[in-house]
Every structure is written in structure tokens, then in C-alpha cells.
Amino acid sequence: MTLVVRGYKTELKLNNAQRTACLKHAGTARWAFNWGLRRYQEEHAAGRKAPTAISLHKELNALKQTELHWMYDVSKAAPQESLRDLEQAFKHFWRRCARKKQGTWRGKLGYSRFKSKKHGIGSFRLTGAIHIGEDWVQLPRLGKLRLKERGYLPTTGVHILSATVSEHAGRWYVSVQVEEEQPEAGIALGETIGIDLGIKALATLSDGRVFGNPRALGSHLKQLRRCSRQHARKQPDSKNRQKAARKLARLHAHIANLRKDTVHQVTSLIVAKTKPDQQRPTCIVLEDLQVSGMLKNRKLSRAIADMGFAEFRRQLEYKAQQAGSLVYTVSQWEPSSKTCSWCGWMDEDLTLSDRLFHCEECGSVIDRDRNASINLALKAAG
């Protein structure tokens with residue numbers, strides 16, 4: 001048995017009073033973050049030492065007694081955890097600054113910015129006395145909140161660390177972080193599987209399985225454009241504009257959920273965690289795709305972004321670890337599509353429009369994606 005930290009996220013079923021209470025908590029957490037960021041900037045401009053989350057929380061508690069009486073309506077954990085997030089954000093920022101000077105960091109530094117409710121209601125995290133039932137969760141100052149899904153959250157044998165309540169497209173969710181014991185997975189003894197990710201098909205496997213492209217964005221693009229035009233036509237700061245914004249947000253969330261659900265189903269089928277050791281793949285081979293470079297192709301950028309390659313790899317890696325399988329990545333410059341999986345002959349003139357691979361050496365004809373997946377599997381075996 002191994003001790004792991006895991007999160008369980010499910011949707012809440014709130015009444016009007018509970019929704020108002022959650023809005024107060026989210027607004028307090030957002031206000032505390034902005035106040036802490038302003039105090040951090042003031043101390044930095046004065047040349048003094050940066051304040052910590054503990055010192056900021058003590059200062060905030062003093063203000064609650066004089067100026068911020070409204071903060072007594074919410075749990076003390078909401079602003080406290082928000083200040084801790086701010087402290088961690090600046091730790092990561094200064095760490096990236098040091099790496100930037102050393103030349104080992106090429107991305108953005110990620111300086112914290114003020115939060116605005118125009119960009120979303122946000123979330124808040126609670127700690128302390130948290131209890132879970134079959135169809136409810138009890139949180140500090142919020143009481144028992146009903147769940148839309150019954151029996152998903154763990155009720156026994158776990159140590160609850162925290163609970164994060166968030167809002168997305170008009171729906172409220174709770175994510176419970178727990179510490180639990182999980183049995184160690186046996187070593188997978190199945191065959192090695194190569195996976196070729198693409199646009200025509202999401203994943204083509206070396207064993208012959210092909211998982212189609214859900215085209216979550218492409219199939220809703222016409223509807224998305226219509227909703228965007230309706231939102232743009234409404235008068236700014238009007239009620240109708242708010243309604244159109246909620247409708248547009250729900251559509252974006254629906255598209256994202258379709259994509260995420262497809263990736264979850266495909267990765268779970270590939271890993272086969274519930275299957276016996278002999279039926280789980282020993283090794284899973286992927287190409288180390290640089291998605292940021294692929295998005296520079298103006299003709300394919302939308303289709304590539306719609307696939308979710310990075311999320312596919314992330315889910316595959318952690319699920320394979322739980323199932324006792326290995327994940328091996330091959331360089332993106334490996335000519336897996338241009339090399340014959342039978343004899344090794346290479347077709348330098350192969351283009352993206354060529355969907356079949358014709359080998360001039362041995363005469364084999366095979367789908368180019370299937371040929372690439374077989375080459376990836378052979379790469380791990382070699």
C-alpha cells in the first residue's frame with residue numbers, strides 16, 4: 001500500500017442561499033488576494049522585506065475588527081488560503097527570475113496580476129472541519145451542500161486535507177483533496193504499444209486500434225460564432241449582454257467537456273488499468289510533440305488546438321504510472337511516418353497529404369499513421 005494525495009471533483013447542487021454564500025466566499029478570497037498583492041508592491045517599492053502569508057493574515061485580522069466587519073460573514077480559511085496562494089506565486093516568480101538570469105528559463109516569468117470578477121467568479125479553498133457523505137459535503141460556514149453525483153467522493157479510509165469550491169459557466173463544483181492509501185499496481189506484462197497522435201484520428205495504435213477525432217470545437221464552430229455575434233451586439237453593461245455572456249460561457253464549457261471526456265475515455269482504454277497484468281501494455285511510446293511550434297501553421301492551428309495533445313500525454317502518464325506501465329517518448333524529429341515498418345526503407349518525398357505509405361523496397365502498403373505507430377513501438381523494443 002502506498003500513501004497518495006488525490007483530488008475528487010464533482011458538481012454541487014446549491015439553493016439560492018448557498019449560492020449567495022459561495023459568492024461571498026469567492027469575493028472575499030479575490031479581495032484578499034488583491035489586497036495582499038497591493039501590500040506586497042508597497043513593501044517592495046519601499047525597499048523592505050517581502051511580507052509573508054502569516055504576517056499579511058495577522059494584519060488582515062486587525063483590519064477586520066475596524067474596517068472589514070463584512071469578512072466575519074465568511075470562513076477565515078478563504079482569505080488565509082488566498083494569501084498563501086499569493087506567497088507561493090511570488091516564490092515561483094522569483095525562482096523563474098533566477099533561472100532566467102542563468103539562461104535555463106525561456107518562458108514568461110508570471111508576475112501576479114490583480115483578479116477581476118469580470119474574468120470569472122473564481123474559487124476559494126477551505127480547510128478545517130470537512131465531512132463527506134454519500135450525496136453531501138459539509139464545509140465550514142457553508143454547512144451541508146448537496147451533490148449532483150452520489151457515491152463519488154470517498155467517505156471512509158481517507159484523511160481530508162482541503163476542499164476547493166469553484167464556479168464555471170454558472171455551475172458550482174467542489175474539489176476535495178484527500179490523503180489515501182492505494183494498493184501498489186502489479187507490473188504490466190502486455191505488449192508494447194506505439195501511439196501516433198494526429199488530426200484525422202486522435203490516436204492510432206500499433207495493435208490496430210484507431211480512436212477518432214471528436215472535433216469538439218469544429219462541430220460547434222458555427223454555433224459558437226453565432227453566440228459570439230449575439231454577445232457582441234448587446235449593449236455594454238446591460239442585462240441582455242450578461243445573459244449572452246452566460247450563454248457563450250456555457251457553450252465554451254460544453255466544448256471543453258466534450259474534449260476532456262474523449263481524452264479520458266481513450267487514455268483509460270489504452271492503459272487498461274482494470275485488466276490483468278498480461279493485458280496491460282508494458283510500455284507506451286509517444287512522440288515528444290512541440291505543440292507550440294505546430295500551432296504556428298495557420299492552416300492547421302485550429303485543428304491542432306482542438307485535439308488536446310498535451311492533456312492526452314498528461315493523462316496517459318499518470319494513468320500508466322497507476323497501472324504499472326512505462327511511458328517512453330521519442331524525439332519529434334524521428335522519421336516514424338517516412339520509415340517502412342517492415343524493411344526500414346525511408347521515403348523522403350512523403351507529404352502530409354499522402355495517407356498511405358508505399359514502400360518501394362519491399363512493396364508493402366500501409367496506412368501512414370499505423371506505420372508510424374508500429375515504428376514507435378519498435379523504437380522502444382530496440
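Leaving aside neighbours within four places in sequence, Ser341 is in contact with Ile366, Asn371, Ile374, Asn375 and Leu378. This residue of the predicted model lies in the loop between β12 (326–331) and β13 (356–358). Ser341 is buried, its relative accessible area being 13%. The points below turn to the chain as a whole and then to its cysteines.

**Overall architecture**
- The chain contains nine helices and 14 strands.
- The C-alpha trace spans about 85 × 55 × 50 Å along its principal axes.
- When contacts between residues at least 6 apart in sequence are taken, 64% of them join residues at least 24 apart.

**Burial and surface**
- The chain has 382 residues, of which 39% count as buried.
- Its accessible surface comes to about 22,700 Å², and carbon and sulfur atoms account for 51% of that area.

- The chain carries 65 positive and 37 negative charges.
- The mean positions of these positive and negative charges are 11 Å apart.

**Cysteines**
- Zero disulfides are present in the structure.
- Cys359 is in no disulfide, and the nearest cysteine sulfur, that of Cys343, is 3.4 Å away; a disulfide would require the two sulfur atoms to be within 2.5 Å.
- Cys359 counts as buried because its relative accessibility is 6%, a value under the 20% cut-off.
- Cys283 also counts as buried, with a relative accessibility of 12%.

Conventions:
Residues are numbered from 1 along each chain as its sequence is written. This is a predicted model: local features need pLDDT of at least 70, side-chain atom pairs count only at pLDDT 80 or more; totals for chains, interfaces and linings use all residues. Side-chain values use heavy atoms; hydrogens and water are left out. Buried means under 20% relative accessible area, exposed over 50%, partly exposed in between (1.4 Å probe, protein chains only). Helices (H or I, at least four residues) and strands (E, at least two) are DSSP runs, numbered from the N terminus. Contact means heavy atoms within 4.5 Å. Accessible areas come from the Shrake-Rupley method with a 1.4 Å probe; for residues, only the protein chains shown count as cover. Lys and Arg count as positive and Asp and Glu as negative; His and the chain ends are not counted. The place of a charge is taken as NZ of Lys, CZ of Arg, CG of Asp or CD of Glu.
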